[in-house]
Amino acid sequence: MSTQNEQPLPFTGILDQSPGTLPGADLDWMRDLRTRGYARYVEQGMPTVGEEAWKYTHLKTLEDTVFRLAGEDDATQAVDSLPSIFGGVRLVFVNGIYRADLSTEDDLPTGATLESFAATATRDANWLQSQLDSSSGDALVSLNTAAMRDGYVLHVGKNTAVAAPIEVVFVGGVSDDPIAVFTRNVIAMDEGSEAQLVIHRCSAGDAPSFSNNVTSVSLGQNAKISVTTLQEENDTATTFSSTHVNAVRDSVFQSLALSAGGQLSRTEQHVELNGEGAHCQLDGTYLVRGSSHCDHTTRVDHLVPNTTSNEMFKGVLDDAARAVFQGKIIVHPDAQHTDGRMLNKTMLLSDKAEIDSKPELEIYADDVKCAHGATSGQIDETALFYLQSRGIPEAKARNLLVQSFLGEVIERIDNETLREAITEKIVSWLPGGDMGGDNS
Amino acid sequence: MLEIKNLHVTVDGTEILKGIDLSIGSGEMHAIMGPNGSGKSTLSYTIAGRDGYDVTEGEILFKGENIVDMKPEERAVNGIFLAFQYPVEIPGVANTTFLKEALNAVRRHRGEDDLDAMQFVRMLREKVKDLGIADDMLKRAVNAGFSGGEKKRNEVLQMSVLEPALAVLDETDSGLDIDALKIVADGVNRLRSPDRSMLMITHYQRLLDYIVPDYVHVLAGGRIQRSGGKELAMELEKNGYAEFAAEDAAA
């Protein structure tokens with residue numbers, strides 16, 4: 001730990017040379033935003049395990065590896081295959097930069113726009129400015145503000161429903177040397193609008209990569225968005241994702257994070273329930289093996305009366321994998337009749353695997369319903385014996401029990417196609433890669 | 001069918017079974033009765049091959065082959081079935097999926113093809129009729145939220161689907177009211193056949209009114225203390241296990 005302070009702060013050498021090539025360089029407010037972000041990052045420094053919020057997650061890669069910023073040239077790399085679940089609208093980013101030739105943008109209903117951050121910065125800079133929150137965030141968010149280059153911007157207008165799920169693909173690691181990618185994403189759902197988003201994070205190369213992704217979500221009255229993130233990067237990837245949600249009256253934010261890749265991933269969600277009837281559901285499932293590290297950190301602020309939140313994170317750890325769950329529900333003094341629930345369960349398949357789980361409630365109102373819980377354990381030996389005693393081979397019986405364990409989260413996915421796709425991903429992650437039989 | 005010779009079994013370093021001898025012929029129904037802690041469940045788990053039940057001496061011959069080193073799934077596909085005292089709930093795995101996985105494992109071992117979905121459903125319909133099992137119970141997750149009676153009926157259903165050569169019924173009567181007991185007992189009786197042997201393990205004589213055994217053994221202190229016909233069960237009902245507890249203490 002002691003060497004940390006002696007090392008130069010990552011990215012300072014690159015960023016302080018005023019990055020004039022970044023999108024929006026011609027906009028005063030954008031230049032100002034970046035400068036302030038950079039100054040704050042330098043002031044805050046890299047998070048260390050000495051800080052409460054980063055106690056269990058050590059960003060070692062950023063100490064050991066020197067990354068350069070991904071640039072336009074990195075976006076032109078050839079990519080062999082791209083994931084798709086629905087075959088509909090799909091935005092593709094290679095090394096964090098939009099690729100029009102790989103994307104399909106037709107079929108969006110009138111009233112909905114989906115484009116790259118760089119495109120919005122050119123087309124409607126004032127609107128974009130209104131969506132970028134510059135006031136808050138820890139060091140990595142500040143760093144993102146300084147270095148953000150591209151990302152997706154989804155704006156769904158009043159009472160517009162986008163029926164078919166939208167997919168966004170981030171392909172990383174397509175490089176010969178270590179590169180860093182900074183994406184800034186915006187989801188703006190106007191009053192009464194509705195959409196579903198599926199984000200793929202995957203790798204098409206072996207180069208070490210660092211990606212830092214900040215997403216702001218604003219939900220108008222009665223708006224509803226569902227965001228599913230499928231993290232399947234290779235084991236040289238370090239990924240930090242931070243989503244900031246502002247939900248007003250009767251709006252719903254629903255998310256599911258499947259974390260099954262990367263050397264280190266930290267997925268943060270910060271939700272402010274700002275209007276009566278607002279609801280958020282934050283779900284996650286993590287499948288981690290090898291020496292990988294997976295962190296889910298959530299914070300839900302219940303700010304007004306009659307808001308609800310429900311979190312369920314369940315994961316499976318093998319080998320020397322490590323996972324972290326930090327969940328915090330804060331019920332503010334005015335937030336009477338809050339209903340907040342949080343559950344974290346982990347199945348450990350190896351003696352060397354480790355889970356650090358820290359569910360927390362901070363309640364300043366007196367008439368609320370809140371519950372939280374965390375458990376970890378091994379495969380139930382009695383259940384294993386039960387399956388074996390019916391002739392099911394041990395390896396397959398173990399896989400069935402892992403699926404059974406994760407089923408509670410998967411059943412919460414409304415979209416059947418998505419539910420099946422995620423079930424397939426879980427099955428393919430399991431040892432042996434399949435059930436060896438028909439499960440219909 | 002099953003021959004147990006001088007079986008010693010240790011669980012967590014404690015010897016529970018201290019030399020069991022038991023021989024079950026084809027088509028025979030044997031009952032093992034005994035007080036709590038006598039080793040009844042240890043015997044059933046040991047026959048089925050549960051991890052942690054270490055055979056330190058003796059052998060278990062099934063169809064003439066010593067099965068002591070076989071994994072539970074190998075014993076199962078070879079025709080041994082254990083009906084659990086407490087069937088395990090497995091949320092998220094549909095009962096039909098489970099039954100089909102199990103049946104196809106057994107069929108593959110016998111060199112038969114897997115049943116396809118249609119064949120399987122047709123076969124299952126036949127089997128569930130007599131057990132009063134609703135479609136809904138097949139679609140639900142294995143034993144999840146089942147009543148005690150439903151769980152035991154589900155065990156009998158599995159037995160009828162897998163058609164074992166030897167079925168061990170561990171406290172099949174526990175937790176059942178009289179109506180549920182009759183349904184389960186009828187199900188077991190229907191599965192009796194000249195080439196299927198059964199070993200019924202129970203604390204109470206009540207079950208034996210509905211499933212009539214050919215032989216009754218009293219297990220106490222890790223040994224079989226007495227063997228006889230079904231009249232032995234009546235005697236136990238009258239006198240209890242006190243005399244065997246005394247024999248155990250003396251031993």
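Guide: This is a predicted model. We may begin with A:Asp319, which is partly exposed, as its relative accessible area is 34%.

Visitor: Where is A:Asp319 found in chain A?
Guide: A:Asp319 sits in the loop that joins strand E16 (308–317) to strand E17 (322–331) of chain A.

Visitor: And what is phi of A:Asp319?
Guide: Phi of A:Asp319 is near 50°, which is a positive value in a residue other than glycine.

Visitor: What about B:Asn143, what is its phi?
Guide: For B:Asn143, phi is near 60°, again a positive value in a residue other than glycine. B:Asn143 belongs to the loop between strand E8 (141–142) and helix H6 (148–162) of chain B.

Visitor: Is B:Asn143 buried or exposed?
Guide: B:Asn143 has a relative accessible area of 0%, so this residue is buried; the limit for that term is under 20%.

Visitor: New topic: which residues form the negative surface patch?
Guide: The patch is formed by A:Asp380 and A:Glu381 together with B:Asp12, B:Asp51 and B:Asp54.

Visitor: Last one: what does the side chain of A:Asp28 contact?
Guide: The side chain of A:Asp28 makes a polar contact with that of A:Arg31, at 2.5 Å. A:Asp28 lies in helix H2 (residues 28–44) of chain A and is exposed, with a relative accessible area of 55%.

Technical notes
Residues are numbered from 1 along each chain as its sequence is written. Chains are lettered from A and ligands numbered from 1 in the order in which they are written. This is a predicted model: local features need pLDDT of at least 70, side-chain atom pairs count only at pLDDT 80 or more; totals for chains, interfaces and linings use all residues. Side-chain values use heavy atoms; hydrogens and water are left out. Patches are made of residues with over 30% relative accessible area and no salt bridge: like charges are joined within 9 Å, nonpolar side chains (Val, Leu, Ile, Met, Phe, Trp, Tyr) within 5 Å. Accessible areas come from the Shrake-Rupley method with a 1.4 Å probe; for residues, only the protein chains shown count as cover. A salt bridge is a side-chain nitrogen of Lys or Arg within 4 Å of a carboxyl oxygen of Asp or Glu. Lys and Arg count as positive and Asp and Glu as negative; His and the chain ends are not counted. The place of a charge is taken as NZ of Lys, CZ of Arg, CG of Asp or CD of Glu. Helices (H or I, at least four residues) and strands (E, at least two) are DSSP runs, numbered from the N terminus. Buried means under 20% relative accessible area, exposed over 50%, partly exposed in between (1.4 Å probe, protein chains only). A polar contact is a pair of N or O atoms within 3.5 Å; within protein, one must be able to donate a hydrogen and the other to accept it, and residues adjacent in sequence count only if both atoms are side-chain atoms.
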